[in-house]
Amino acid sequence: MSRNTRAIIHLENIKSNYLFANRCAPSSKNIAVIKADAYGHGIVEVAKYLQNTAYSFAVAIFDEALELRAAGITKDILVLQGVQTHEEVASSLRHDLTLTLHSKKQIELILASQVAGSLKIWLKLDTGMHRLGLVGSELGDAVKRLENCPWVDDELVISTHFSNADVLDDDCTNRQLQLFNQQIKQVSTPKTLRSSLSNSSALVGFPETHSHFNRPGIMLYGVPLFDRAHASDAELRPTMTLKAPIIGLRTIQPAESVGYNGKWTSNRESNIATVSVGYADGYPRQAANGTPVFINGKRCPLVGRVSMDLISVDVTDLALVEIGDTAELWGNNIPVKEVATLSNTIAYELLTGVSKRVPRIYS
Ligand SMILES: *Cc1c(COP(=O)(O)O)cnc(C)c1O
């Protein structure tokens, strides 16, 4: 391969972060969320590595589950958005997928599906996110009809999703939890309903939300979870190092500018390194001047606009720098969350946005 731009994936750190989730929620079954290509890390590689450690897996969409089955993954797989057609219902049964039902339409689809077998079903309640899920008044009827349906497994799981669990001082999470508990209490069924509420930030920051199943995602990928520093930050290990080579070096004079539209101008004689990574690789175009890039042991500031295939970095303060040296865009030395904040976005978007032009290297 000609260009040396790479995303190094630290699988052992993903495992370590998963085990930290287990330590935080030891009484729950913690389902590893590996949707969106395992947050950009490679869904099949991550699933294979975690299959003897994780309780089970969750993905967002049906196709992601099929990709895992085609790769030979046999663990339970929860499809968070469920399915839309009778063919997908039948295929879900064949592939032993667990389906979330978040709308009356999906419930009708299951009730009408007439499949031979036993579908594993989760019902989703809307407790405040107002994106997907049944409202409380629909729950009792849905549970009754599904429990009476011959091709639905007895053991229903009721789930919900938090909107603000990353904000530690917000009582929104507790209000969602209370509403969830009230709505579950109103359902009359002889069976025990199991439940699932917590994403990563709720799992770590709001232990009262733990239940039969939690659904940690971003914490597996080592990103600090909250709006402020937290003890858990020290436990989470980075799982992706994005690296690229310096392919150009030049010295510019004071008052000369760099990159498209001259968005940065030097105030001294400056050495500028040009690095082979850009927004087409997933490095954020919104990254501000000064965003750190780690080169030869030092943080150096990004200067000028991020281009499609290149960025420019002020390396004047480095004693030694050469073409071919490697720049770390994020990883062990530059937290991806720091780059995200300086780019007005979140680490989830940067990790999932690393494009297919960047080879993933597993270590
Ligand atoms: C993505 C997702 C999760 C994981 O959330 P994180 O914040 O990444 O931990 C859990 N539950 C649902 C329904 C999701 O869509």
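What share of the 363 residues of the protein chain counts as buried? The points below take up this question and then turn to particular elements of the predicted model.

1. Overall burial and extent. Of the 363 residues in the protein chain, 52% count as buried. Along the principal axes, the C-alpha atoms of the chain fill a box of roughly 80 × 45 × 35 Å. The chain holds eleven helices and 18 strands.

2. Strand 13. This strand covers residues 270-275, and five of its six residues are buried, so strand 13 is largely enclosed by the rest of the structure.

3. Pairing of strand 13 with strand 10. Strand 10 (residues 240-252) runs antiparallel to strand 13, and six bridges link the pair. One of the residue pairs is formed by I252 and its bridge partner S270, the latter lying in strand 13.

4. Pairing of strand 13 with strand 16. Strand 16 comprises residues 311-314 and is joined to strand 13 by four bridges, again in the antiparallel sense. Here A273 has V313 of strand 16 as its bridge partner.

5. Strand 16 and its two faces. Both faces of strand 16 are covered. I311 and V313 are buried on one side, and S312 and D314 are buried on the other.

6. Pairing of strand 16 with strand 15. Strand 15 (residues 298-303) also pairs with strand 16, in the antiparallel sense and over two bridges.

7. G222 in its loop. G222 belongs to the loop between strand 9 (213-214) and strand 10. Is G222 buried or exposed? Its relative accessible area is 12%, and G222 is therefore buried, the cut-off for that class being under 20%. G222 and G331 stand 109 residues apart in sequence, while their C-alpha atoms are 9.9 Å apart in space.

8. A charged patch on the surface. Which residues gather in a patch of negative charge on the surface? They are D37, E45, D63 and E67. Of these, D63 is found in helix 4, which spans residues 62-70. D63 has a relative accessibility of 52% and therefore counts as exposed, since that class begins over 50%.

Conventions: Residues are numbered from 1 along each chain as its sequence is written. This is a predicted model: local features need pLDDT of at least 70, side-chain atom pairs count only at pLDDT 80 or more; totals for chains, interfaces and linings use all residues. Side-chain values use heavy atoms; hydrogens and water are left out. Patches are made of residues with over 30% relative accessible area and no salt bridge: like charges are joined within 9 Å, nonpolar side chains (Val, Leu, Ile, Met, Phe, Trp, Tyr) within 5 Å. Accessible areas come from the Shrake-Rupley method with a 1.4 Å probe; for residues, only the protein chains shown count as cover. A salt bridge is a side-chain nitrogen of Lys or Arg within 4 Å of a carboxyl oxygen of Asp or Glu. Lys and Arg count as positive and Asp and Glu as negative; His and the chain ends are not counted. The place of a charge is taken as NZ of Lys, CZ of Arg, CG of Asp or CD of Glu. Buried means under 20% relative accessible area, exposed over 50%, partly exposed in between (1.4 Å probe, protein chains only). Two strands pair if DSSP finds at least two bridges between them.
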